[in-house]
Amino acid sequence: SESISRVAGASVADVAQRVTGVSVVDGKYLTVRGLGDRYMNYQLNGAQMASSDPDRNDVSMDQFSSSFVESVVTSKSFTPDQPGSFTGGAVNVKTKAFPNERMLSATMRVGYNTLGTLTSDYTAASTSPTDWLGFDDGTRAVPNFVQELGPGNIPSLGEARTDAESALLLDQASKSFRTPMSPTQGQSGLPARINLSYADLFDVGDVPFGIVASAQYAQNFENYTNGVFSEWQLTGNINDKETLDQQSNLSDRRSVSTVFWGTMLNLNMKPANNHQVGVNFMHNQRSENEGRYLEGRFQRGFDDPRVTFETRTQRFIERGNTSLQLLGESLFNSLGNTKLIWNASYNRSTQDEPDIRFFSNDYTPDGDSNLYFIDQAVYAGPQHFYRNMVEDRYWFDASAAIPFQSFTGTNGTIKIG
């Protein structure tokens, strides 16, 4: 266990790297003793948290503000009180219950880097009015015309070539997508993070209460314009080749804007001596909006060296994590100082990727202008992709710790759960 109450940091990910045996990947994912995500187990006050990423078993630790976290407990070996899904490493984030004193805190951090801050060569993806809140307002949703047609009722390109009615229907469906296919050149903003925290102790009658509340908002901008994307492939007989053949050599521009906000409310009470009951609510929202443009030589499928290939990507990902917990702890002196701990929780993790867009084409110089083509025999045509994930997790656990003393005088504890 490593207390973080005295460690300065904006998030759990910022301070977890100080814990022995814990590494931080991509500034947000934790690994214990170098174990991959498939071996990790993430808990909030002892209850398992759902992952918001369909491609990995990870929970982003940069969504937890250090202002409302009491400690981060890392387990590097299995013990009987660990969940059955434990396979190698566990991280348990424990929130504060009763603050030591009344506290009101407000902090703001502003960052700057020469590539991504207030730059005018930002490859800006299209936006919606609510992107600053970390979610799309429906601008990127599947068009109503396509939804009304339903799956399997949109004519294929082959059908449209041989049937006029199918061609008209496909044309209407295609034109119903109003989102632009190409990112534009714009200007990035200023990376900043704001944290607000409040904690207090008060009595209602003879019952002491403790409250810890926290809210934070952050935005960040990443950008590069001088990237290079190249592909090399072995063609022909390996015994006759000394080098790989270059398949593509493209200049690469990419920009990503990130928004994060989170809220937490932790309310605890002591209805009687040695008895504590609390409720914890937390919601975190995070989004990433990516724009990317690649251009250059694409040897595969093109014999004419004058042909230039270009491709564009726009990707918006929003993730949300909501947790509601009811937990309690009781100490029974009459039962030999037996301690009972219980936790009932609900956790919902969501990820939505509305309207991921890919648009590729090639062009050839023709006098003072260019001839543009979309050659689907060489690369995929314009595409829209939609994906969403919702995972609900219900959790209840209870355990009793019974202290004892052996015949040799050694103190021990029996834990049942």
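When I speak of a contact today, I mean heavy atoms within 4.5 Å, and please keep in mind that what we have on the screen is a predicted model.

Let me begin with Arg-312, which lies in strand E15 and which, leaving out residues up to four places away in sequence, touches Met-181, Ser-182, Pro-183, Arg-292, Tyr-293, Arg-357, Phe-358, Phe-359 and Asn-361. Because its relative accessibility is 7%, and buried means under 20%, Arg-312 counts as buried. Its side chain also makes a polar contact, at 3.0 Å, with the side chain of Glu-310.

Staying with strand E15, we come to Leu-324, which counts as partly exposed because its relative accessibility is 43%. Leu-324 belongs to a nonpolar surface patch of about 660 Å², whose other members include Phe-202, Leu-265, Val-279 and Phe-281. Strands E11, E13, E14 and E15 each supply at least two residues of that patch, and the largest share, three residues, comes from E14.

If we set aside neighbours within four places in sequence, Val-91 is in contact with residues including Leu-30, Val-32, Met-40, Tyr-42, Val-72 and Val-73.

Conventions: Residues are numbered from 1 along each chain as its sequence is written. This is a predicted model: local features need pLDDT of at least 70, side-chain atom pairs count only at pLDDT 80 or more; totals for chains, interfaces and linings use all residues. Side-chain values use heavy atoms; hydrogens and water are left out. Patches are made of residues with over 30% relative accessible area and no salt bridge: like charges are joined within 9 Å, nonpolar side chains (Val, Leu, Ile, Met, Phe, Trp, Tyr) within 5 Å. Accessible areas come from the Shrake-Rupley method with a 1.4 Å probe; for residues, only the protein chains shown count as cover. A salt bridge is a side-chain nitrogen of Lys or Arg within 4 Å of a carboxyl oxygen of Asp or Glu. Helices (H or I, at least four residues) and strands (E, at least two) are DSSP runs, numbered from the N terminus. Buried means under 20% relative accessible area, exposed over 50%, partly exposed in between (1.4 Å probe, protein chains only). A polar contact is a pair of N or O atoms within 3.5 Å; within protein, one must be able to donate a hydrogen and the other to accept it, and residues adjacent in sequence count only if both atoms are side-chain atoms.
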